[in-house]
Amino acid sequence: MTALMEQVLQKAKARGATDVAVSVNYDSGFSVDVRLREVETVSFHEDKAVSLVVYFGHRKGSASSTDTSAEALEAIVNAACDIAAVSSEDPCFGLADKALMTRSHPSLDLYHPWQIEPSEAIAQGLQCEDYALQKDKRITNSDGVNVSTANFHHAYANTHGCLGFIRGSTHSISCSLIAESGSGMQRDYDYTVSRRANELLSLERIADGAVERTVSRLDARKIKTMRVPVIFSSRVSSGLIANFISAISGSNLYRKNSFLLDSLGKVVFPEWVNIYERPHILGALGSSPFDSEGVTTRDNQFVEQGRVAQYVLGSYSARRLGLQTSANADGVHNLTVDSNAGDLSDLVSKMQRGLIITELMGQGINGLTGDYSRGASGFWVEQGAIQYPVEEFTIAGNLKDMFLGICAIGNDRDPNLATRCGSVLIDSMMIGGV
């Protein structure tokens, strides 16, 4: 990787580029899918790619290729330089500041290959499905079990002297089922993801979770239009927080395409809410030693006691806003939301009457105004206890009101997600039903 990147840097400099950044990726792995006790697919992947960005002063060009031969490298360097020659100048173009570059990055314990053969993965998938199909007579069909393993290697270098490498692994098992009752059929799933194979949930626990989730949705009812409190379960609450991160991301701010323009220091959440990233947690799904511009990642506090403390920035958006990059050119890493409550049952008890949202559909979110409307399904709660499943309704509100209306955040974080946020209780939302 080092030799390949050095070739590209030298070729681009020889073409007259004032600055150059190059990245190399090599990914490999396989996945198997089984359904109804038969193998459906076994797929292998082995991909490599090189991409570069060149700057001629404040002109920019980029190109990429999956071919790393000498001829291909020559071709993408020429392509990037030719693009830069005809592009418009932008004073904000350029590498991240040299002072932020480092060749020393923390080792984050991300690489743990799973020494498993496809035949073993198939056996595990079949065993998991067998567990699930035998658990409950209401499980009448399987949507399949997937077992997958992947390893990745990433390298980055630029003409500021930055040189960094990341290698990691991700393994997963998922089980999707179909249950049937007199009123119809329902589908749901459960899954497990980890850097380490020995930290994946057992096959029986995955099967149990999939069965429980699927049969719990049987005999779902429709509900009337009303305004009630809503709990976003931990499986979907990360999406709610992602809406906030998008609104304070530099690309939306400098384009003035955000409902949180000029929000630094302003109250957006209740004063007990804190949102931050911790990119150096050993072995975590969202950990990374540096961002896509080679800037060393760091702990960032985005919300402190309910107030926006910092925007999410890469170097380009930072320059457009007159600020400095927050080392988030490729997004946030291990985003964390502090809890102030217990698990989901604790939030249900606090809510007393309302809805638990377990699935969301559609993309009815207006980033400019904050208006929010999505299809949903979940469970109806009365007297602090789940009563029955509900479906075919919409939830609506405005993200500003929703954020300020957060009453509690649970400690039931989903370990399969890089965003570390428990279930979220909001005081009131409009429900569109029958």
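This is a predicted model: local features need pLDDT of at least 70, side-chain atom pairs count only at pLDDT 80 or more; totals for chains, interfaces and linings use all residues.

Visitor: Which residues line the largest cavity?
Guide: Its lining is made up of Gln186, Arg217, Ala220, Thr358, Ser377, Gly378, Phe379, Pro389, Val390 and Glu391. The elements that give two or more residues to this lining are strand S13 (371–382) and strand S14 (385–398). By class, the lining divides into four nonpolar, four polar and two charged residues.

Visitor: And the pockets, how much space lies in the largest pocket?
Guide: About 1,100 Å³ of space lies there, and the pocket is lined by 43 residues, with Arg213, Arg413, Asp414, Pro415 and Asn416 nearest its centre. Strand S6 (184–194) supplies the largest share of that lining, six residues, while helix H4 (203–215) and strand S12 each supply at least two. The lining holds 14 nonpolar, 14 polar and 15 charged residues.

Visitor: What about the second largest pocket, which residues are closest to its centre?
Guide: Of the 32 residues lining the second largest pocket, those closest to its centre are Lys60, Ser292, Glu293, Ser315 and Ala329. About 540 Å³ of space lies in this pocket, and its lining divides into 15 nonpolar, twelve polar and five charged residues.

Visitor: Switching to helix H8, which of its residues are buried?
Guide: In H8, which spans residues 344–351, the buried residues are Leu347, Val348 and Met351. Seen down the axis of H8, these buried residues fall within an arc of 105°, so they line one face of the helix.

Visitor: What do the buried residues of H8 pack against?
Guide: They pack against several strands, including S13 and S14, the two strands that also give two or more residues to the lining of the largest cavity. Just after H8, Gln352 takes a positive phi of about 70°.

Visitor: Last one: is His154 buried or exposed?
Guide: His154, found in strand S4 (residues 139–158), has a relative accessible area of 17% and is therefore buried, the cut-off being under 20%.

Visitor: Which side chain does a polar contact join to that of His154?
Guide: That of Asn25, through a polar contact of 2.7 Å. Leaving aside neighbours within four places in sequence, the residues in contact with His154 include Met1, Ser23, Val24, Phe165 and Phe290.

Technical notes: Residues are numbered from 1 along each chain as its sequence is written. Side-chain values use heavy atoms; hydrogens and water are left out. On a 1 Å grid over the protein atoms alone, a cavity is a set of points where a 1.4 Å probe fits but cannot get out, and a pocket is an open set with protein on both sides within 12 Å along at least five of seven lines; lining residues have an atom within 4 Å of a point. Helices (H or I, at least four residues) and strands (E, at least two) are DSSP runs, numbered from the N terminus. Ala, Val, Leu, Ile, Met, Phe, Trp, Tyr, Cys and Pro count as nonpolar, Asp, Glu, Lys and Arg as charged, and the others, Gly among them, as polar. Buried means under 20% relative accessible area, exposed over 50%, partly exposed in between (1.4 Å probe, protein chains only). The arc is that of the directions from the helix axis to the C-beta atoms. Contact means heavy atoms within 4.5 Å. A polar contact is a pair of N or O atoms within 3.5 Å; within protein, one must be able to donate a hydrogen and the other to accept it, and residues adjacent in sequence count only if both atoms are side-chain atoms. Grid points are joined across faces, edges and corners, and a volume is the space filled by probe spheres set on the points.
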